[in-house]
Amino acid sequence: MNVEEFRDYCLSLPDVTEATPFEKFSRGKYTILVFYINSHMFCYFNIDDFSQVTVKCDPARIVELKEAYQAVSDPYNGNKKHWISVHWGQDLTDDEILALVKDSYNLVSS
């Protein structure tokens with residue numbers, strides 16, 4: 001999956017908006033694209049390095065996911081209690097990663 005396909009998927013979810021709110025903090029070194037539902041983040045990634053995405057996750061599932069999949073790791077610059085990073089091209093399929101994104105969306109939208 002490429003960055004545009006992933007972006008299209010996220011924007012296809014109801015009432016999702018996107019922004020690049022952290023540019024002033026990175027001094028132009030990288031651009032983080034963030035997806036929101038109800039003004040709350042549910043997914044973000046570095047546009048220039050689309051090797052992973054970071055999603056919100058039910059804290060009860062985080063340890064289980066990290067133990068089961070090499071693709072799941074601590075979040076990029078996020079709270080380890082509520083977020084995970086998921087790496088493309090490892091032991092999760094694109095569809096499984098999209099399911100984690102949808103779970104994140106549902107968690108944040110409820």
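Strands here are DSSP runs of E, at least two residues long, and helices are DSSP runs of H or I, at least four residues long, both numbered from the N terminus. With that in mind, select Ile32, which lies in strand 2. The model is a predicted one, in which local features need pLDDT of at least 70 and side-chain atom pairs count only at pLDDT 80 or more, while totals for chains, interfaces and linings use all residues. Residues are numbered from 1 along each chain as its sequence is written, and side-chain values use heavy atoms, with hydrogens and water left out.

Stay on Ile32, which is buried, with a relative accessible area of 6% (buried means under 20%, exposed over 50% and partly exposed in between, with a 1.4 Å probe and protein chains only). Show next what surrounds this side chain: leaving aside neighbours within four places in sequence, Ile32 is in contact (heavy atoms within 4.5 Å) with residues including Ala19, Phe22, Tyr44 and Tyr76.

Now widen the selection to the sheet, an open one in which 6 strands follow the order 1-2-3-4-6-5 with antiparallel pairing, where two strands pair if DSSP finds at least two bridges between them. Strand 1 (16–19) and strand 5 (72–73) are the edges, and because each has a single partner strand, one side of each is left without a neighbour in the sheet. Between strand 1 and strand 2 (residues 32–37) there are 4 bridges, and Glu18 has Phe35 as its bridge partner in strand 2.

Select helix 1 (residues 3–12) next; this helix lies across strands 1, 2, 3 (40–46) and 4 (52–56), at about 20° to strand 2, with axes fitted to C-alpha atoms, for helices over the stretch in contact, and angles running from 0 to 180 degrees between N-to-C directions.

Of its 28 residues, Phe6, Phe35, Phe42, Val53, Ile84 and Val86 touch the most other members. Helix 4 gives the most to this core, with 6 residues. Another core, of 5 residues, lies apart from the largest one, and Val34, Tyr36, Tyr44 and Trp83 are among its members.

Technical notes. A nonpolar core is a set of buried Ala, Val, Leu, Ile, Met, Phe, Trp, Tyr and Cys residues joined through side-chain atoms within 4.5 Å.
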